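Hi there,

Here is the structure I promised to pass on to you. Have a look, and then read on for what I found in it.

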Amino acid sequence: MAPYSPPTGQRAGKLRLDFNENTVGCSPRIVEFLKRQLDPERLAVYPDYSEVRPALAEFFHVDPARLLLTNGTDEAIQVLVNTYLDDGGEALLLRPSYAMYRFYCEVAGASIRELDYRSGTLEFPLEELLAAITPETRAVLIANPNNPTGTAAPLSGIEKILKRARRAAVLIDEAYYEFCGITALGLLDLYPNLFVSRTFSKVYGMAAMRLGCLFSHEGNIAILRKAQSPYSVNGLAALAAQEAVRDTAYVENYVTEALAARELLCVGLEKLGIGYIPSQANFVLVRMGKRAVEIRDRLREQRVLVRDRSYEIPGCVRVTVGTREQTRRFLQELEEIW
Ligand SMILES: Cc1ncc(COP(=O)(O)O)c(C=O)c1O
């Protein structure tokens with residue numbers, strides 16, 4: 001296996017447009033809440049989820065029995081893969097997509113089949129995926145919207161996949177849901193093979209906390225729980241989440257700002273004659289051409305971080321959007337070196 005080592009070093013103080021995080025940080029209310037709640041005993045005891053689980057279930061409008069708290073989406077993917085994929089079991093993945101799907105499938109010894117997003121537009125390849133599903137398919141892992149393309153599948157397409165892949169666990173990873181508004185959560189009653197994940201790492205600005213949620217039919221959740229460490233979500237993350245879902249205004253304001261910034265970014269790129277893939281998430285895949293890596297490096301010299309993706313989509317760099325002010329700064333720096 002190739003190791004997965006994202007470039008997370010020395011990012012403090014720079015303009016972080018490289019990991020699709022919240023670029024201004026979490027709600028200050030979360031920090032205040034943690035400060036108030038933190039005392040030596042709190043750190044001495046194993047985490048207690050009895051308050052956070054019902055609070056999150058209520059927030060997401062699901063029955064608590066249909067919710068698994070996870071150490072980020074990454075652990076949701078890991079637990080799902082470990083539960084439903086035996087050695088040699090067939091996993092259907094899309095390419096390019098979030099690297100950890102392949103990572104955990106490889107660790108599990110699964111047999112991986114990959115389909116490409118449509119060439120040129122990088123749209124979701126619905127018909128191709130439907131045709132690729134067989135009775136042997138045990139897992140289908142989809143990011144919606146997808147990272148790094150920013151493109152999304154419509155709910156009607158997801159339903160077709162769920163109907164076709166009846167013998168497979170179908171994960172719809174909604175890490176960027178808030179920027180897009182499409183969710184499969186409402187389909188949980190209808191499809192026992194559906195798994196939906198959400199994260200507190202993106203719009204909530206809590207990536208360091210490592211907290212995710214995996215939703216599915218209660219029977220599936222009971223099985224997944226068997227394959228999970230009982231304390232994988234740390235106590236501070238469980239605490240922080242309770243305040244995070246109380247401050248909905250913070251998230252709503254951030255989404256409004258990020259969507260305006262995304263528009264500004266696209267208009268700015270068009271003015272510079274630079275191509276991009278229209279996005280439904282808080283990032284845009286930009287066609288920088290042969291100079292992609294050089295532009296990434298020159299931006300870094302100006303303390304602006306973006307993510308090179310040219311190793312998987314030639315000429316492409318992924319740029320996170322946060323505020324309009326940050327986007328203006330990015331465009332200014334880009335114009336200088338373009
Ligand atoms: C599609 C997708 N899913 C999940 C994650 C990671 O989420 P978490 O921090 O909750 O593990 C990312 C992060 O980049 C992502 O792009």
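Lys35 is exposed, with a relative accessible area of 58%, and Glu32 is partly exposed at 40%. This is a predicted model, and in it the side chains of these two residues, Glu32 and Lys35, form a salt bridge with an N to O distance of 3.9 Å. Both sit in helix H1 (residues 28-37), 3 residues apart, or about one turn of the helix.

Helix H5 (residues 99-107) holds a pair of its own: Arg102 and Glu106, 4 residues apart, with a salt bridge of 2.8 Å, N to O. Arg102 is partly exposed at 34% relative accessibility, and Glu106 is partly exposed at 27%. These two also belong to a network of salt bridges that links them with Arg95, Glu114 and Asp116.

A buried pair is worth a look as well: Arg198 and Glu174 are both buried, and their side chains meet in a salt bridge of 2.9 Å, N to O. This pair links distant parts of the chain, 24 residues apart, with Arg198 in strand E7 (residues 194-199) and Glu174 in the loop between strand E6 (169-173) and E7. The count for the structure comes to 24 salt bridges.

And the cysteines? The structure has 0 disulfides. The closest cysteine sulfur to that of Cys180 belongs to Cys266, and at 15 Å it is too far for a bond. Cys316 is in no disulfide either, with the sulfur of Cys266, its nearest, 13 Å away. Cys180 is buried at 18% relative accessible area, and Cys316 is buried at 0%.

Best wishes

Definitions and conventions:
Residues are numbered from 1 along each chain as its sequence is written. This is a predicted model: local features need pLDDT of at least 70, side-chain atom pairs count only at pLDDT 80 or more; totals for chains, interfaces and linings use all residues. Side-chain values use heavy atoms; hydrogens and water are left out. A disulfide is a pair of cysteine sulfur atoms within 2.5 Å. Buried means under 20% relative accessible area, exposed over 50%, partly exposed in between (1.4 Å probe, protein chains only). A salt bridge is a side-chain nitrogen of Lys or Arg within 4 Å of a carboxyl oxygen of Asp or Glu. Helices (H or I, at least four residues) and strands (E, at least two) are DSSP runs, numbered from the N terminus.
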